[in-house]
Amino acid sequence: MNEITPNKAPSLKVVLPFYGTGALFFLVVSVLLLLGAGDLTGHYFSPHLLAVVHAAALGWGTMIIFGAAYELLPVVCARSLYSERLALASYALLTAGAAHLIPAFWYFRAGTLMIAGGSFVFLAACCYALNVFFTVADGRHSIHQYFLVSSACWLLTTVTLGVALAVNLRYPFMTRSHLDIMKLHAHVGLAGWFLQLVTGVSIKLIPMFLLSKPAETKWLYAALAFQNLGLLLLLAGDYLYPASSADGVYAAICAAGIGCWLWYLNGVRKNRMRRRPDILMKHTFVSCLFLIAALITLPLARYGTETKWVLVYGVFLFLGWLTSLILGQTFKTLPFIVWNERYKNLTGTTAVPLPRQLYAAKVVVYQYYSYLAAMFLLVAGMLAGSRFIITIALILWVGVAVLYVFNVAKVLFHQTIISPHEATR
Amino acid sequence: MKQPVNAQADPGVEQALKVLKQVMDPELFVNIIDLGLVYGIDFSEPGKITVTMTLSTPHCPLGEAIKNGVCNVLSAAFPNRVAEVTIVWEPAWSVEMLTEEGRRQLNFS
């Protein structure tokens with residue numbers, strides 16, 4: 001018999017700032033997209049788009065993922081988070097880094113502002129990675145933990161390349177093309193940091209949310225091997241044979257890793273006991289579809305001559321896959337975190353609200369359908385080269401962000417509700 | 001190490017089962033008895049009730065809320081006894097442990 005105390009969650013002050021700040025950065029991303037709408041029909045190496053991508057990747061995606069990871073690490077590792085101080089330091093540094101990098105790219109100020117921003121993000125990644133390594137360190141290791149560790153290693157690689165690129169813009173030292181290294185930086189971030197973190201967390205949470213019997217884990221080990229092999233080959237191949245077009249093969253190996261992961265999730269979906277997924281899980285399923293759409297678009301982005309495919313590929317990944325996932329999973333995690341703190345000592349003594357009653361369910365429905373419409377219009381507008389459709393889509397995007405921020409704020413500022421006569425029971 | 005909860009053996013157990021149905025899993029919103037989370041209720045020690053139970057997910061962050069709920073309802077129903085909860089992971093919870101009522105509430109096929 002293994003008796004253990006169930007509560008190992010970090011305190012609210014560690015996790016909530018990430019959710020709140022991430023939501024605000026999502027609004028910033030949406031407004032910047034609207035202001036830079038014209039850039040979505042041009043080349044991807046544009047100051048405005050670089051600002052948007054860094055706001056989305058750091059302020060939005062990484063911010064929320066850091067917060068969720070600090071909450072979930074104790075669940076995945078069955079032990080307390082190594083250091084709450086390191087977690088808080090990573091929050092301050094990541095916020096400072098994103099706040100420096102966004103204006104630095106928007107106004108293209110290569111130099112102190114950009115290098116300082118990159119350095120803050122690098123330090124934030126170090127704090128996060130140390131917390132992951134020391135939390136995972138002891139005991140029996142699971143496949144989830146391997147993904148968390150590998151994603152943290154890729155995060156460190158991504159930010160190291162990022163800082164080097166920021167320095168190179170002001171003090172050129174790279175013998176290779178800046179754009180080539182930038183592509184590596186982007187793909188290590190996407191397929192190393194985001195993909196492997198999302199894989200590791202999803203294979204723990206999705207069976208839990210769907211009440212599913214475990215599917216075969218051999219697919220997960222294959223996913224881990226293929227995703228990492230593809231990325232390592234991409235880095236090594238690009239260094240040794242820079243002019244080679246073999247990166248398509250490396251991408252295919254990574255895609256095989258994604259396929260194994262999605263196959264595992266499909267097994268989980270088939271074995272689920274909860275037959276009717278809620279709208280938050282639909283957000284997650286949609287995000288998987290956008291990831292598949294990005295993989296289909298990749299050959300066009302890599303070998304095609306039109307730059308619009310590169311932009312569509314990026315939109316599928318950042319605004320499709322990552323954003324849809326976060327928009328849904330925020331309300332699968334945040335209300336429970338807040339509810340747990342407010343009501344864990346009151347259960348059984350009085351009538352308490354449910355975690356899902358901490359946010360406005362109707363607003364989530366509006367958010368979901370507005371999001372789908374915004375994505376459809378945005379991709380259609382980009383493919384058609386229509387500035388008008390893109391602008392309509394981006395106005396909708398701002399609407400989606402406002403709905404999301406409203407609901408996140410509703411949860412964050414929730415006050416304990418106890419009916420007076422019940423409380424005295 | 002599952003200890004079946006036998007309500008007929010002890011009227012105290014029957015009352016405990018009744019009040020434990022007030023403790024809900026916050027995510028699934030099904031009570032812990034119909035979820036099959038409670039493995040045993042022991043009244044044998046004077047002045048004490050020991051509940052042996054599990055959680056649907058090991059190290060579930062909501063586990064403390066559920067554990068507190070169990071202590072709170074038992075303390076109210078049995079003011080002369082101290083309620084204690086022992087969380088175990090063996091046998092691990094699975095959907096097969098749901099009661100018929102639990103399956104119905106979760107719309108299982």
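Reader: How many residues of chain A are in contact with chain B, and how many of chain B with chain A?

Author: Happy to. First, a word on the basis: this is a predicted model, in which local features need pLDDT of at least 70 and side-chain atom pairs count only at pLDDT 80 or more, while totals for chains, interfaces and linings use all residues. Residues are numbered from 1 along each chain as its sequence is written, and chains are lettered from A and ligands numbered from 1 in the order in which they are written.

Now to your question: 29 residues of chain A are in contact with 32 residues of chain B (two residues are in contact if their C-beta atoms, placed from the backbone, lie within 7 Å). On the chain A side, helix 2 (47-77) and helix 10 (308-343) are the elements that give two or more residues. Helix 10 of chain A gives the most, with 4 residues. Helices (H or I, at least four residues) and strands (E, at least two) are DSSP runs, numbered from the N terminus. By residue type, this side of chain A divides into 15 nonpolar, 7 polar and 7 charged. Here Ala, Val, Leu, Ile, Met, Phe, Trp, Tyr, Cys and Pro count as nonpolar, Asp, Glu, Lys and Arg as charged, and the others, Gly among them, as polar.

Let us turn to the partner. Chain B has 3 helices and 3 strands, running α-β-β-α-β-α from the N terminus on. Of its 109 residues, 42% count as buried; a residue is buried if 20 or more other C-beta atoms, placed from the backbone, lie within 10 Å of its own, exposed if 12 or fewer, and partly exposed in between. Among contacts in chain B between residues at least 6 apart in sequence, 62% join residues at least 24 apart.

The loops of chain B hold some backbone details. Between helix 1 (11-20) and strand 1 (38-42) of chain B comes F29(B), with a positive phi of about 55 degrees although it is not a glycine. F29(B) is exposed, because 12 other C-beta atoms lie within 10 Å. Further along, P91(B) is found in the loop between strand 3 (82-87) and helix 3 (100-105) of chain B, and the peptide bond from E90(B) to P91(B) is cis, with omega near -5 degrees.

Chain A has a positive phi to show too: F108(A), not a glycine, has phi near 45 degrees. F108(A) lies in the loop between helix 3 (84-106) and helix 4 (112-136) of chain A. With 14 other C-beta atoms within 10 Å, F108(A) is partly exposed.
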